[in-house]
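Hi,

Here's the structure I promised to pass on. Have a look at it first, and my notes on what turned up follow below.

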Amino acid sequence: MAEAPNDQANGLRKMTNPPQPVKVIAVASGKGGVGKTNVTVNLGVALALQGQQVLLMDADLGLANIDVMLGLHPQYNLLHVLDGSKTLTEIIVEGPAGLKIIPAASGIQKMAELSPAEHAGMIQAFSEMEQHIDVLLIDSAAGIADSVISFTRAAQEVIIVVCDEPASITDAYALIKLLSREYGVDHIHIITNMTRNIQEGRELFNKVLMVCERFLDVNLDFMGIVPFDEDLRQAVKKQRAVVDYLPRSKAATAFIHLSKKINHWPVTKQPRGHMEFFVERLIEASMEIA
């Protein structure tokens with residue numbers, strides 16, 4: 001049977017324009033209430049403002065709220081891609097500075113429960129994305145649920161957000177311990193949130209580092225701080241990213257600084273640095289946990 005002209009054209013485009021490597025970064029936290037989603041959103045906007053093409057995936061499948069945080073009203077989500085009614089490009093909504101967002105789909109809390117056809121469809125959907133992406137940011141759920149482990153294992157880089165509360169420190173350590181001992185994640189970035197200054201942020205980081213160095217074989221990187229800032233609260237009330245709404249605020253300046261660090265992280269040049277291979281790793285990780 002002759003190949004359809006559109007299929008031939010798509011195949012030719014893929015041969016002449018092979019997929020580009022993508023930085024895949026998962027943002028997690030040991031517990032809720034530490035500002036993880038706010039950090040993820042503002043990092044995404046900050047990267048976009050610097051000219052990066054950023055795709056933000058809302059992977060907090062139980063309490064998805066990126067759309068609420070940015071005042072967006074998505075009509076479709078990943079479930080519509082899986083059932084074949086929409087392409088990935090069609091469900092993406094645009095946020096500030098051209099940030100692209102994949103709305104959460106609460107109906108797929110366990111990737112391992114997807115059928116083989118849905119697995120294949122999801123991989124194909126990501127591989128056929130029409131838009132070029134430099135960075136895929138994943139806002140995972142808080143805690144150590146299976147979905148958190150799956151997304152963090154599939155990502156190339158992991159950021160954990162922690163604040164200066166005993167429960168946050170304890171739960172962050174529990175997540176790091178699980179990722180390190182059970183799944184071989186040996187390098188994790190730490191952002192301290194809602195701290196008064198860099199010294200307080202580093203002291204908080206050192207608390208986590210001290211315990212990890214004593215019991216775990218993992219390398220922790222102190223990325224920096226997001227200071228406590230009333231302007232950030234105002235931005236949340238307005239359903240805006242502070243980087244976009246109040247760009248001269250202390251918090252916005254901190255996010256720009258953190259995003260510049262991300263810009264200097266190397267891009268995986270291997271084939272497994274492409275978007276569809278992230279999805280394959282995600283599905284594999286989910287099936288191993290199930």
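**Salt bridges**

Counting nitrogen-oxygen pairs within 4 Å, I get 6 salt bridges. Keep in mind that this is a predicted model.

Start with Glu-165 and Lys-31, whose closest N and O atoms sit 3.8 Å apart.

Next up is Lys-36 with Asp-139, where the closest N and O atoms are 2.8 Å apart. This one also links distant parts of the chain: Lys-36 belongs to helix H2 and Asp-139 to strand E5 (residues 135-142), 103 residues apart. Are these two buried or exposed? Buried means under 20% relative accessible area. Lys-36 comes in at 6%, so it counts as buried, and Asp-139, at 0%, is buried too.

Then there's the salt bridge between Asp-164 and Lys-207, with 3.4 Å between the closest N and O atoms. Here the distant parts being linked are the loop between E6 and H8, which holds Asp-164, and helix H9 (residues 198-215), which holds Lys-207; the two residues are 43 apart. Asp-164 is partly exposed at 41% relative accessible area, and Lys-207 is partly exposed at 38%.

Cheers

Technical notes. Residues numbered from 1 in each chain as written. Predicted model: local features only at pLDDT ≥ 70, side-chain atom pairs only at ≥ 80, totals over all residues. Heavy atoms only, no water. Salt bridge = Lys/Arg side-chain N within 4 Å of Asp/Glu carboxyl O. Helix = DSSP H or I, 4+ residues; strand = E, 2+ residues; numbered from the N terminus. Buried < 20%, exposed > 50% of the residue type's maximum accessible area, 1.4 Å probe, protein only.
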